[in-house]
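Me: Got a model open here and want to walk through it. Can you take my questions as they come?

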Amino acid sequence: MSEPPNQQNTVAARRFTIMNLVRIVSVFGVAGGIAIAREVVAAPYWIGVALAVAGVAAFFFGPAILAKRWKAADRGEK
C-alpha cells in the first residue's frame, strides 16, 4: 500500500475493467454454447453444453478468483 493514490486508482480501474471483461466474455460463451446446443451453429452438441457450463462457471467464479489472486499479490503472497 505504499503506492501513490493515483497509481492505486489506476490499478483499481484496470482490475475492475478486467473483471467486467471476464463477465462479458463469459456471457458470450454461454450464448455461443446455447446456440451450438440448439443447432443454430454447426458443432457437436457436447461442445455447446461444455461451452455453456464453462461460461456460467467463469461468470460466477472468475472475478472472485481474480480478486483473491490480486489480494494475495498485494499482500506479497504467492
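Me: Start with R15. How exposed is R15?
Reply: R15 counts as partly exposed, at 22% relative accessibility. Buried means under 20% relative accessible area, exposed over 50%, and partly exposed in between, with a 1.4 Å probe and protein chains only.

Me: What should I know about the model before going on?
Reply: This is a predicted model, so local features need pLDDT of at least 70 and side-chain atom pairs count only at pLDDT 80 or more, while totals for chains, interfaces and linings use all residues. Residues are numbered from 1 along each chain as its sequence is written, and side-chain values use heavy atoms, with hydrogens and water left out.

Me: Back to R15. Which residue does R15 form a salt bridge with?
Reply: D74. The closest N and O atoms are 2.9 Å apart. A salt bridge here is a side-chain nitrogen of Lys or Arg within 4 Å of a carboxyl oxygen of Asp or Glu.

Me: And what does that pair tie together?
Reply: R15 lies in helix α1 and D74 in helix α2, so the pair ties together parts that are 59 residues apart in sequence. Helices are DSSP runs of H or I, at least four residues, numbered from the N terminus.

Me: How many salt bridges does that rule give?
Reply: The count comes to 1.

Me: OK, α2. What span should it have?
Reply: α2 covers residues 45-75, which is 31 residues, so at 1.5 Å a residue it should span 45 Å. The expected span is 1.5 Å times one less than the number of residues. The end C-alpha atoms of α2 are 44 Å apart, which agrees.

Me: Where is the kink in α2?
Reply: At F61, shortly before the proline P63. The kink is about 45 degrees. The bend is the angle between axes fitted to the seven residues ending at a residue and the seven starting there.

Me: Is F61 buried or exposed?
Reply: F61 is exposed, with a relative accessible area of 54%. F61 also belongs to a nonpolar surface patch with V56, F60 and I65. Together the four have about 420 Å² of accessible area. Areas come from the Shrake-Rupley method with a 1.4 Å probe, counting only the protein chains shown as cover for residues. Patch residues have over 30% relative accessible area and no salt bridge; nonpolar side chains (Val, Leu, Ile, Met, Phe, Trp, Tyr) are joined within 5 Å, like charges within 9 Å.

Me: Which residues of α2 are buried?
Reply: G48, A52, G55, G62, P63, W70 and A72. What covers them includes α1, residues 5-37.

Me: What follows α2?
Reply: G76, whose phi is positive, near 90 degrees.

Me: Last one. What is A35 in contact with?
Reply: V40 and V41, leaving aside neighbours within four places in sequence. Contact means heavy atoms within 4.5 Å. A35 itself lies in helix α1.

Definitions and conventions:
Helices (H or I, at least four residues) and strands (E, at least two) are DSSP runs, numbered from the N terminus.
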